[in-house]
Amino acid sequence: MSLNASESARHPGGAHGQDPYFRFSCVTDASELETVYSIRYQVYCVERGFLAEEEHPDELESDEYDAHSLHILATHRAGHPAGTARLVMSSPLGFPATRHCVFTEEYAFLNDPFHSALPDFAEVSRLAIAKSFRRREGDTLYGGPPRENPAPADEAEVIAFAPPRNTPEILMGICRLLYQHSKRRGITHWVLAMERSLYVLLKRMGFTYTPAGPEVDYYGPVRPYVASIEALEEGLYRVSPGTLAYMAEGLEPALVPPCLTRGDGDWQSACSAA
């Protein structure tokens with residue numbers, strides 16, 4: 001997976017995020033990629049029945065878009081795989097969403113895999129959280145809020161920002177890494193095909209998306225959306241500057257969103273207290 005290995009090499013120390021319970025990393029070898037495919041098989045084939053189990057006798061779910069994707073893997077500190085998602089880059093294949101959805105009006109150009117604007121776009125897809133990390137009361141398909149960290153405050157593994165409270169911690173950590181690597185690659189917009197439950201959850205977390213086409217029936221109702229990274233940053237800053245600070249922690253200074261650096265003082269301290 002040279003796509004991912006080169007990304008890590010260009011940003012030493014920026015390929016992963018460390019939270020009290022989870023490590024979020026870009027996949028860099030075949031073993032990690034197999035783990036990603038295994039999580040996807042369990043969620044998309046076995047649990048939700050979106051894809052046929054018999055078509056994946058090796059119990060690994062993958063497709064042709066994976067070769068053009070940056071894969072994120074969440075791992076519990078005990079070593080157990082917890083979740084995954086991918087960022088699909090522009091390629092002659094187009095984006096996976098166009099297989100089932102039609103983009104309309106101002107985003108109709110996304111239906112054309114050779115349109116000149118597509119290199120600025122990437123699709124977020126194959127989000128999957130392992131069932132073993134969705135067993136607490138109140139957890140959804142996308143996990144639950146941060147766990148209380150029993151470790152002493154003076155232990156070595158301490159981060160500047162913990163995942164925001166009342167947000168699914170694994171999902172938030174995955175979004176954070178997708179966001180940071182989108183910034184580093186010059187991606188200005190995300191494409192997504194979402195069921196309403198995920199759309200509502202992300203909206204509650206402060207993420208803003210624009211409907212970009214009609215709803216279709218793809219194992220239930222799914223609609224295409226587009227998110228401007230800049231608008232997403234501004235929206236998060238208005239709703240929860242602390243959440244945006246968590247998302248931006250570890251970014252190179254030139255990539256920190258302007259809304260966090262407009263005023264005087266230490267934006268990290270200010271947002272941490274928000």
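Strand S2 and strand S3 (residues 69–76) pair in the antiparallel sense over five bridges, where strands are DSSP runs of type E with at least two residues, helices are DSSP runs of type H or I with at least four, and both are numbered from the N terminus; two strands count as paired if DSSP finds at least two bridges between them. The structure is a predicted model, in which local features need pLDDT of at least 70 and side-chain atom pairs count only at pLDDT 80 or more, whereas totals for chains, interfaces and linings use all residues. Residues are numbered from 1 along each chain as its sequence is written, and side-chain values use heavy atoms, with hydrogens and water left out.

Within this pairing, cysteine 26 has isoleucine 72 of S3 as its bridge partner. Four of the five residues of strand S2 (residues 22–26) are buried, so the strand is largely enclosed by the rest of the structure; here buried means under 20% relative accessible area, exposed means over 50%, and partly exposed lies in between, as computed with a 1.4 Å probe on protein chains only.

The protein chain as a whole has seven helices and nine strands, and 50% of its 274 residues count as buried. Of the contacts in the chain with a separation of 6 or more, 66% are accounted for by residues 24 or more positions apart, a contact being heavy atoms within 4.5 Å.

In soluble globular proteins, nonpolar side chains tend to be buried together. The largest nonpolar core of the model has 49 residues, and those with the most contacts inside it are Ile170, Ile174, Trp190, Leu202, Phe207 and Tyr209; such a core is a set of buried Ala, Val, Leu, Ile, Met, Phe, Trp, Tyr and Cys residues joined through side-chain atoms within 4.5 Å. Helix H3 (residues 169–185) gives the most to this core, with eight residues. When residues up to four places away in sequence are not counted, isoleucine 174 touches Phe24, Ile72, Ala74, Gly83, Thr84, Ala85, Leu127 and Ile129.

Helix H5 (residues 229–239) has a buried side made up of Ile229, Leu232, Glu233, Gly235 and Leu236. Seen down the axis of H5, these buried residues fall within an arc of 170°, so they line one face of the helix, the arc being that of the directions from the helix axis to the C-beta atoms. The face of H5 turned away from the buried side carries the exposed residues Glu230 and Arg238, while the buried residues pack against H3, strand S6 (189–194), strand S9 (221–228) and helix H6 (241–248).

A pair of aromatic rings is described by the distance of the centres and the angle of the planes. Six aromatic pairs are counted in the model, under the rule that rings of Phe, Tyr and Trp (its six-membered ring) pair if their centres lie within 6.5 Å, with planes under 30 degrees apart called stacked, over 60 edge-to-face and the rest tilted. The rings of phenylalanine 22 and phenylalanine 133 have their centres 5.6 Å apart and their planes at 70°, so this pair is edge-to-face. The pair links distant parts of the chain, 111 residues apart, with phenylalanine 22 in strand S2 and phenylalanine 133 in the loop between strand S5 (121–129) and H3. Both phenylalanine 22 and phenylalanine 133 are buried, and ring pairs link Phe22, Phe24 and Phe133 into a cluster.

Phenylalanine 109 and phenylalanine 121 also form an edge-to-face pair, with 5.6 Å centre to centre and 80° between the planes. Phenylalanine 109 is partly exposed, with a relative accessible area of 21%, whereas phenylalanine 121 counts as buried at 5% relative accessibility.

Two glutamates have a positive phi although neither is a glycine. For glutamate 59, in the loop between helix H2 (30–47) and S3, phi is near 60°, and the residue counts as partly exposed at 44% relative accessibility. For glutamate 105, in the loop between S4 and S5, phi is about 50°, and the residue is exposed, with a relative accessible area of 75%.

Finally, the count of disulfides comes to zero, a disulfide being a pair of cysteine sulfur atoms within 2.5 Å. Cysteine 45 is buried, with a relative accessible area of 2%, and cysteine 101 is buried as well, with a relative accessible area of 4%.
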